[in-house]
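I opened my notebook to write down what I looked up. My entries go place by place.

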Amino acid sequence: MASKDADPSLGYLTRKDTEVKLPRPTRVKNKTPAPIQITAEQILREARERQEAEIRPPKQKITDSTELADYRLRKRKEFEDLIRRVRWNVSVWIKYAQWEESQKDFNRARSVWERALEVDYRNHTLWLKYAEVEMKNKFINHARNVWDRAVTLLPRVDQLWYKYIHMEEMLGNVAGARQIFERWMSWMPDQQGWLSYIKFELRYNEVERARAIYERFVQCHPKVGAWIKYAKFEMKNGEIVRARNVYERAVEKLADEEDAEQLFVAFAEFEERCKETERARCIYKFALDHIPKGRAEDLYRKFVAFEKQYGDKEGIEDAIVGKRRFQYEGEVRKNPMNYDTWFDYIRLEESVGSKERIREAYERAIANVPPAEEKRYWQRYIYLWINYALYEELDAGDTERTRDVYRECLKLIPHEKFSFAKIWLLAAQFEIRQLNLKGARQILGNAIGKAPKDKIFKKYIEIELQLGNIDRCRKLYEKYLEWAPENCYAWSKYAELERSLSETERARSIFELAITQPALDMPELLWKAYIDFEISEGEYEQTRGLYERLLDRTKHLKVWISYAKFEASAMEENNGGSDSPQDGVQEEKKECIQRARRVFERAINYYRTSAPELKEERAMLLEEWLNMESSFGELGNISLVQSKLPKKLKKRKQITSEDGGVAGYEEYIDYLFPEENQTTNLKILEAAYKWKKQKISSDDD
């Protein structure tokens, strides 16, 4: 009786009996190299020689029909038991059927295949192997029957159709194969199925049939690739007219498809091969006009290459411009708010000179309005409108369009948040060039009402002044000063206008009104203008009064110097228009010098008593006085100033760091005035006297 662990595949021996026992590896103690070295080849050879023979189960020899019947019965029982356990396992069914086939029992094999198909008829591998068995054993009708059932049940498995058709074609049954193809085509398979049918017909030189199949093919699969294959088929058969017709029909149907670029390239290359360069050029241009720029990269490249090969100078330039246009389109598509790219793109279109393209580029550019209402985002954008308006006026010569551009631009800008004086002024100047003064005034008036700015007021006043409208200028200055009462420039210009009109009293009133304003941006300029005005009018008393009023407000060094210079120069003014004798002039000069000295003395006295810390300003004032005394010549008295000049002392002061430590020392210039020197000397004498007194008292004690 066989052991429980015995394995029939090993001749009923146990696993333990057949186990190959390997010697236990010995531990190497001495690792020094052996005197006799052996090679790897020797080791492998010895291992092979020492290997024990593989134990295989004994072969069974069947000698008579009874043993064969027993063997078959046992095998079938094993297969049936296995099928009962794993009915869904297709490989078991296939092995069972193939074993039956090997026993030449084809009816039993067919039975197994049919049972397998009942389990899983959707498994196309079963159908393929079943049909192959029938074909291999030359049961043609059985194979046909299997293929027919397979393609009926699984019409979407292309491999079944291919095998079925291949069998019929190998048998020479062309009509049958064609019939199978027709059955397959009724299911509208993919492109490869149609192309296989076409190749089948072409193998038997059935060109008309192939053409008819192509017609059905492009109706079933209206794709660019299908039409191109159809056209190439016609071209291969020498039917140029038919091929062109195919391309034309394809363009009519697929011009708006995503892969239309491929169709146009193929059509143009076809015309190029037919030596029809003009046709090819027209196709390229038509394609470039109709295909979006983002999908026409290959088309542009092919067109440039075509123009370089066949075109003249203009054609090549057009192609290059087209390529650059394509690059700009890509850039503006990525970032439509990149206005520098739009400027470059528009410049390119202007170099070509096509009005429609230029206007289209401008319109597309100005459509990209900045998303935020902040002036810094609009500063580049606004120049698109300016360039557009200038193009329409200067290059296109279209006055109405220019006016519309300015109007739309001014309507678009959010004037309540910010505005651009440049646009208002350009629009007004355009109207003046068109001799439309009323329109210009209306634009500038709107500008002042909606977004008043210095530039607008200045330009508007300048225009009215050139036209001689003084009353309008006065009204504008009034509006200007209402809007910006602190603007000293506006006050001085208004007064200057009145003075130019010999309206001295009006000018003086304006200056008076200006200097009484509570806040001014540059009061020193305004006072200087007022003083210069009074000097030019010869009103010296008025000028002195102004200086005195100014000194009430500020005791700045420059005011004192300017006042003193005025007093010194007043004698020159008087001298210029005097008919008095020489002695009178000298007296007058002395009087002016005395007045100037009094101003300097007042200034020095102020700095000595009220602002003793401003030593540098006081020193500068004395230096200026000294220079003035030198310029008076004989009448000057330098010694008067020299006695008051300070000594320059170089001193050091400590620099403290941020953490409060000593960072170092720096040198600075200090001034020591004569009265300070006397005080210092008195203090030293007083200290010495005190010390002497203390010493005498100690000696007495």
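**Entry 1: a tyrosine in a helix**

I started with Tyr300, which is found in helix H16, residues 297-310. I kept in mind that this is a predicted model. Is Tyr300 buried or exposed? Its relative accessibility is 4%, so Tyr300 counts as buried, since the cut-off for buried is under 20%. I then looked up Val265 against Tyr300. The two are 35 residues apart in sequence, and their C-alpha atoms are 9.8 Å apart in space.

**Entry 2: aromatic pairs**

Next I searched the whole structure for aromatic pairs and got 31. I took Phe181 and Phe200 from the search. Their ring centres are 5.2 Å apart and their planes stand at 40 degrees, so I noted the pair as tilted. A tilted pair falls between the two cut-offs, because stacked needs under 30 degrees and edge-to-face needs over 60.

Where do Phe181 and Phe200 lie? Phe181 is in helix H9 (residues 174-185) and Phe200 is in helix H10 (residues 191-203), so the pair ties together parts that are 19 residues apart in sequence. I checked the accessibility of both. Phe181 has 3% and counts as buried. Phe200 has a relative accessible area of 0% and is buried.

I then turned to Phe457 and Tyr480. This aromatic pair is stacked, with 4.7 Å centre to centre and 5 degrees between the planes. Phe457 lies in helix H25 (residues 454-467) and Tyr480 in helix H26 (residues 470-483), so this pair ties together parts that are 23 residues apart in sequence. I found Phe457 buried, and Tyr480 buried as well.

I also wrote down a cluster. Ring pairs link Trp161, Tyr162, Phe181, Trp184, Tyr197, Phe200 and Tyr204. Phe181 and Phe200, which I had already looked up, are among them.

**Entry 3: surface patches**

Which residues make the nonpolar surface patch of about 210 Å²? I listed Ile432, Leu437 and Leu467. Leu467 lies in helix H25. Its relative accessible area is 44%, so I noted Leu467 as partly exposed, between the cut-offs of 20% and 50%.

Asp256, Glu257, Glu258 and Asp259 gather on the surface in a patch of negative charge. Glu257 sits in the loop between helix H13 (240-254) and helix H14 (260-273). With a relative accessible area of 40%, Glu257 is partly exposed.

Methods: Residues are numbered from 1 along each chain as its sequence is written. This is a predicted model: local features need pLDDT of at least 70, side-chain atom pairs count only at pLDDT 80 or more; totals for chains, interfaces and linings use all residues. Side-chain values use heavy atoms; hydrogens and water are left out. Patches are made of residues with over 30% relative accessible area and no salt bridge: like charges are joined within 9 Å, nonpolar side chains (Val, Leu, Ile, Met, Phe, Trp, Tyr) within 5 Å. Accessible areas come from the Shrake-Rupley method with a 1.4 Å probe; for residues, only the protein chains shown count as cover. A salt bridge is a side-chain nitrogen of Lys or Arg within 4 Å of a carboxyl oxygen of Asp or Glu. Lys and Arg count as positive and Asp and Glu as negative; His and the chain ends are not counted. The place of a charge is taken as NZ of Lys, CZ of Arg, CG of Asp or CD of Glu. Helices (H or I, at least four residues) and strands (E, at least two) are DSSP runs, numbered from the N terminus. Buried means under 20% relative accessible area, exposed over 50%, partly exposed in between (1.4 Å probe, protein chains only). Rings of Phe, Tyr and Trp (its six-membered ring) pair if their centres lie within 6.5 Å; planes under 30 degrees apart count as stacked, over 60 as edge-to-face and the rest as tilted.
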